[in-house]
Amino acid sequence: MNDLADVENARGDDRATPVGDRLRHIRAGGAEGPGAVISGGTVGSRKLWMGLVVNPPSSATDNHHHGDSEAGVYVVSGHPLYFYHDGTQEVCIEAGPGDFLHVPPFVPHREENPDPNEPVVAVIARTTQEPIKVSVPELYRLEDASAR
């Protein structure tokens, strides 16, 4: 275990502090609400971004994609709906706590939280540091993107 330098952060508080080439530990509850938890700005990450996203009750995003960023989603709580187009029709994925989703680069999609009372809480990991979000007027199959 000598290869694993401190897993605690330098100050021992709830937020991670960059400490060279060491592991960083962000304690449960250490994230100050939704947003970046692991990023270049918080721990010096070069390629990985992870954060907490909360979608309020009865909410929906617009149709969008995230450019060349790949994304992974882990649903912590709530029952979100994820929509994309398979080339023939709009497809809905119903997700729940414990589910994982993969969103490939440039794939147009939309997230919805139909529950009028419960927010959706999800952990997102992506492959870019920039918050890329490109709104599109409608969902379409990825191969059609060059024609738009």
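Leaving out residues up to four places away in sequence, Tyr82 touches Val73, Val75, Val91, Cys92, Ile93, Ala95, Leu101, Arg110 and Glu111, where a contact means heavy atoms within 4.5 Å. This is a predicted model, in which local features need a pLDDT of at least 70 and side-chain atom pairs count only at pLDDT 80 or more, while totals for chains, interfaces and linings use all residues. Residues are numbered from 1 along each chain as its sequence is written, and side-chain values use heavy atoms, with hydrogens and water left out.

Tyr82 has its place in strand E6; helices (H or I, at least four residues) and strands (E, at least two) are DSSP runs, numbered from the N terminus. With a relative accessibility of 9%, Tyr82 counts as buried, a term that means under 20% relative accessible area, whereas exposed means over 50% and partly exposed lies in between (1.4 Å probe, protein chains only). Tyr82 and His109 are 27 residues apart in sequence, and their C-alpha atoms are 6.9 Å apart in space.

Strand E6, which covers residues 81-85, is joined to E7 by five bridges, and the two run antiparallel; two strands are said to pair if DSSP finds at least two bridges between them. Within this pairing, Tyr84 has Val91 of E7 as its bridge partner. Both strands belong to an open sheet of four strands, in the order E3-E9-E6-E7, with antiparallel pairing. Strand E3 (59-60) and strand E7 (90-94) stand at the edges of that sheet and each have a single partner strand, so one side of each is left without a neighbour in the sheet. In a regular strand the side chains alternate between the two faces of the sheet.

Turning to another strand, E10 spans residues 120-126 and is mostly covered, since five of its seven residues are buried. Strand E2 (residues 49-55) pairs with E10 in the antiparallel sense over seven bridges, and Leu52 stands opposite Val123 in E10. Strand E5 (residues 71-77) also pairs with E10 in the antiparallel sense, over six bridges, and there Ser77 has Val121 of E10 as its bridge partner.

Ser69 is found in the loop between strand E4 (64-65) and E5, and Ser69 is buried, with a relative accessible area of 3%.
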